[in-house]
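Trainee: Could you walk me through how to read helix packing and burial in a model like this one? I would like the general idea each time, and then the case at hand.

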Amino acid sequence: MKLDPQDPRDAAPERAAETRPPAPAEPSAADREVPLPASELSTAVHAYLDGDQVSDSALSGAERELELWKRISAEAGKRRKMVTPAHVTRQILAKLADD
Amino acid sequence: MLDYTSDVPLKSTEPAPQDDLLDADQAVIDRVLAGDRNAFSLLIERYSDPLYRHALGMTGSADVAEDILQVSFIKAFHHLAEVRGRFDAWVFRIVANGCKDWLKNIRRTHLSYEEDDQPSALETPDEELDRGELRDDLDAALLALPDSLREAFVMKHVEGRSYEEMAVLLDATVGALKMRVHRAREALQKLLEERYS
């Protein structure tokens, strides 16, 4: 059988240990669920966006992030005012009447 | 203290239904089951708006949201006798499942969705994020999120629900939902910060 020196499975145990890259730390179950970009927001910003009381000092340095989230929240606030188009209710009732 | 609170509606705007509302729902259900079909319109009027916003947030399409809402309420009508507990939570699950089914079908039929459960920050053409206003960019960014994160973000920030309310509707823990919302924010921050920060 021909051995492949580049394949760690074919190397002697000592050599395999030398050449094998260090195993990455096992991610938590939550991290395995969906790989996402590295964290950019501090715990304080998350707490603030969750509506919790957060001190000025905890948020210092996060003004740029807060400015972005102010804009996102304003857009989300507009969507929160959207209502079901009137014709949808009429169509549902009409279909139920046809049944 | 920084004052963003006037522009940033962070607290829930739709508190959990009180007992009297639950009783009122049950009274309407009893009327419908007794043959008063028109009474069903009371339930539609009471709950269609938050459900429409949910479908809109999940699909990004008003037409699709309307279709999902119609199908869901008709389904709810035909299965009304099966309601146990809160009607609003029951009908929410019908709509939420309708949204997820639609997203699954879209992914089956569109190559661009085949890969994932991953946010497609780098798959989205740069010009797509460079066009339009924040509204369009936010829609594109939301659609790039995995379903579970988009659902949590939409419920928290678009629908304005509390974590406790979300936990009831999604049958999940508050801690798990906070984690989903936080992960959604991280991804959106990454997607939008270059253009808007």
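Mentor: Gladly. Let us begin with axes: they are lines fitted to C-alpha atoms, for helices over the stretch in contact, and angles run from 0 to 180 degrees between N-to-C directions. Helices (H or I, at least four residues) and strands (E, at least two) are DSSP runs, numbered from the N terminus. This is a predicted model, where local features need pLDDT of at least 70, side-chain atom pairs count only at pLDDT 80 or more, and totals for chains, interfaces and linings use all residues. Residues are numbered from 1 along each chain as its sequence is written, while chains are lettered from A and ligands numbered from 1 in the order in which they are written.

Trainee: What secondary structure does chain A have, and what does chain B have?

Mentor: Chain A has 6 helices and 0 strands, and chain B comes to 9 helices and 0 strands. Read from the N terminus, the elements of chain B run α-α-α-α-α-α-α-α-α.

Trainee: At what angle do H3 and H4 of chain B pack?

Mentor: Helix H3 (residues 62–78) of chain B packs against helix H4 (residues 87–109) of chain B at about 135 degrees, and their axes are 9 Å apart. Angles under 35 degrees count as roughly parallel, over 145 as roughly antiparallel, 65 to 115 as roughly perpendicular and the rest as oblique. H3(B) is therefore oblique to H4(B). As for handedness, a crossing is left-handed if the near helix is turned anticlockwise from the far one by less than a right angle, and right-handed if clockwise. H3(B) passes H4(B) in a right-handed crossing.

Trainee: Which residues of H3(B) and H4(B) meet?

Mentor: Two residues are in contact if their C-beta atoms, placed from the backbone, lie within 7 Å. On the H3(B) side these are B:Val64, B:Ile68, B:Leu69, B:Val71, B:Ser72, B:Lys75 and B:Ala76, and they meet B:Val91, B:Ile94, B:Val95, B:Gly98, B:Cys99 and B:Trp102 in H4(B). The contact of H3(B) with H4(B) has 10 nonpolar, 2 polar and 1 charged residues. Here Ala, Val, Leu, Ile, Met, Phe, Trp, Tyr, Cys and Pro count as nonpolar, Asp, Glu, Lys and Arg as charged, and the others, Gly among them, as polar. As a rule, an α-helix has 3.6 residues a turn, so residues three or four places apart point the same way.

Trainee: How does H5 of chain A pack against helices of chain B?

Mentor: Helix H5 (residues 63–80) of chain A and helix H6 (residues 134–143) of chain B pack at about 90 degrees, with axes 10 Å apart. That makes H5(A) roughly perpendicular to H6(B). A:Arg71, A:Ile72 and A:Glu75 of H5(A) make this contact with B:Leu134, B:Arg135 and B:Leu138 of H6(B). Its residues divide into 3 nonpolar, no polar and 3 charged. Against H9(B), H5(A) packs at about 100 degrees, with axes 10 Å apart. H5(A) is thus roughly perpendicular to H9(B). There, A:Glu65, A:Leu68 and A:Arg71 meet B:Gln189, B:Leu192, B:Glu193 and B:Tyr196.

Trainee: How many residues of H7 in chain B are buried?

Mentor: A residue is buried if 20 or more other C-beta atoms lie within 10 Å of its own, exposed if 12 or fewer, and partly exposed in between, with C-beta atoms placed from the backbone. Helix H7 (residues 147–158) of chain B is mostly covered, with 10 of its 12 residues buried. What covers them includes H5 of chain A, together with H2, H4, H6, H8 and H9 of chain B.

Trainee: And which residues have the most contacts inside the largest nonpolar core?

Mentor: A nonpolar core is a set of buried Ala, Val, Leu, Ile, Met, Phe, Trp, Tyr and Cys residues joined through C-beta atoms within 7 Å. The largest one has 52 residues, and those with the most contacts inside it are B:Leu51, B:Ala55, B:Leu69, B:Val95, B:Ala152 and B:Ala184. H2(B) gives the largest share, 9 residues.

Trainee: Where is B:Asp171, and is B:Asp171 buried or exposed?

Mentor: B:Asp171 sits in the loop between H8 and H9 of chain B. B:Asp171 is exposed, with 8 other C-beta atoms within 10 Å. Most residues other than glycine have a negative phi. B:Asp171, although not a glycine, has a positive phi of about 55 degrees.
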